[in-house]
Amino acid sequence: MNKIKVTIWNEFRHEKQMEEVRKIYPEGIHGAIAQGIAADDLEIRLAALDDPEQGLPDEVIASTDVLIWWGHCAHGEVRDELVAKVLKRVQEGMGLIVLHSGHASKIFKAVTGCSGALKWREAEEKERLWNIAPTHPITQGIDEYFELPHEEMYGERFDIPKTAETIFISWFEGGNVFRSGFTLERGYGKFFYFQPGHETYRNFYDKNVLKVIGNAVRWAKPVFLREMAFPMVPALEEIRSTGFGAPKAGIIQNIDGSNK
Ligand code: ZN
């Protein structure tokens, strides 16, 4: 069995700098996700912003089937060249899953072409995530809805492409709603954004959140990996119309304008 090569990239700053976050995620958010989704069909690597080459040297990008991304306070430190490489690899077929505050990351903006702007509030409120795509591979094993006792509120309007397919819609105790899970396709690659995962709550231990992420990894794995190309190609048939005046469909026009 070919295992799916998953790289979990984490900014990994809050866990080092804030005691309350370290207590919840002593191995880092990426470590918790890795443990939570571990399975025989996955080969998981961890990467962090402060690792050499910001955690994603070329050979890691080239050997990743699905990249998971969590970032928050240091989006601006991620080098533009790295973002361009990741975007190119997504277009070539690599899956990308962006979590929570990654909505403001450079890679989210590059892949979606949108700002990712939204409303937010940190008030320990309850979130109810409605599964509105029950036949989608990402929601298999997920009920009609599930709840998280505490999560940061992210609210509409969320600036994402109109072509996004919505998978989850969330309701928050304070009254806001949010498209908390959506997919896109870019080139040959698949993209999923999923909202839960604020650093001071325990939601990367939640069985439903982990189930969704694990399902998303399998959904987003490449069908194939292939460079995007811009080939000039020979015609498949003899082209008999030349010069000015485009021929009408189905009519072969001679060079003098007469039809044969
Ligand atoms: Zn947050």
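**Salt bridges and a zinc site**

The count of salt bridges here comes to 15. Keep in mind that this is a predicted model.

Let me take a few of those bridges. E19 pairs with R22, and their closest N and O atoms are 2.6 Å apart. Both sit in helix α2, residues 19-24, three residues apart, about one turn of the helix. E19 is partly exposed at 44% relative accessible area. R22 is partly exposed too, at 32%.

Next, R218 and D41. Their closest N and O atoms are 2.7 Å apart. This pair links distant parts of the chain: R218 is in helix α7, D41 is in the loop between α3 and β2, and 177 residues separate them. R218 is partly exposed, at 30%.

K106 bridges to D80, again with 2.7 Å between the closest N and O atoms. K106 belongs to helix α6 and D80 to helix α5, 26 residues apart. There is also a network: salt bridges link R13, K16, D50 and E77.

Now the metal. Which residues coordinate the zinc ion? H100 through NE2, E152 through OE and H198 through ND1, at 2.0 to 2.1 Å. H100 lies in the loop between β4 and α6, and E152 lies in strand β6, so this pair ties together parts 52 residues apart in sequence. The spacing of the donors reads H-x51-E-x45-H. Is H100 buried or exposed? Buried, at 1% relative accessible area. E152 is buried as well, at 6%.

Last, the surface. W130, I132, Y145, I169 and V177 form a nonpolar patch, with about 410 Å² of accessible area together. V177 is in strand β8, residues 177-186, and is partly exposed at 43%.

Technical notes
Residues are numbered from 1 along each chain as its sequence is written. This is a predicted model: local features need pLDDT of at least 70, side-chain atom pairs count only at pLDDT 80 or more; totals for chains, interfaces and linings use all residues. Side-chain values use heavy atoms; hydrogens and water are left out. Donors are N, O and S atoms within 2.8 Å of the metal (3.2 Å for Na, K and Ca); water is not among the atoms, so sites may look incomplete. Helices (H or I, at least four residues) and strands (E, at least two) are DSSP runs, numbered from the N terminus. Buried means under 20% relative accessible area, exposed over 50%, partly exposed in between (1.4 Å probe, protein chains only). Patches are made of residues with over 30% relative accessible area and no salt bridge: like charges are joined within 9 Å, nonpolar side chains (Val, Leu, Ile, Met, Phe, Trp, Tyr) within 5 Å. Accessible areas come from the Shrake-Rupley method with a 1.4 Å probe; for residues, only the protein chains shown count as cover. A salt bridge is a side-chain nitrogen of Lys or Arg within 4 Å of a carboxyl oxygen of Asp or Glu.
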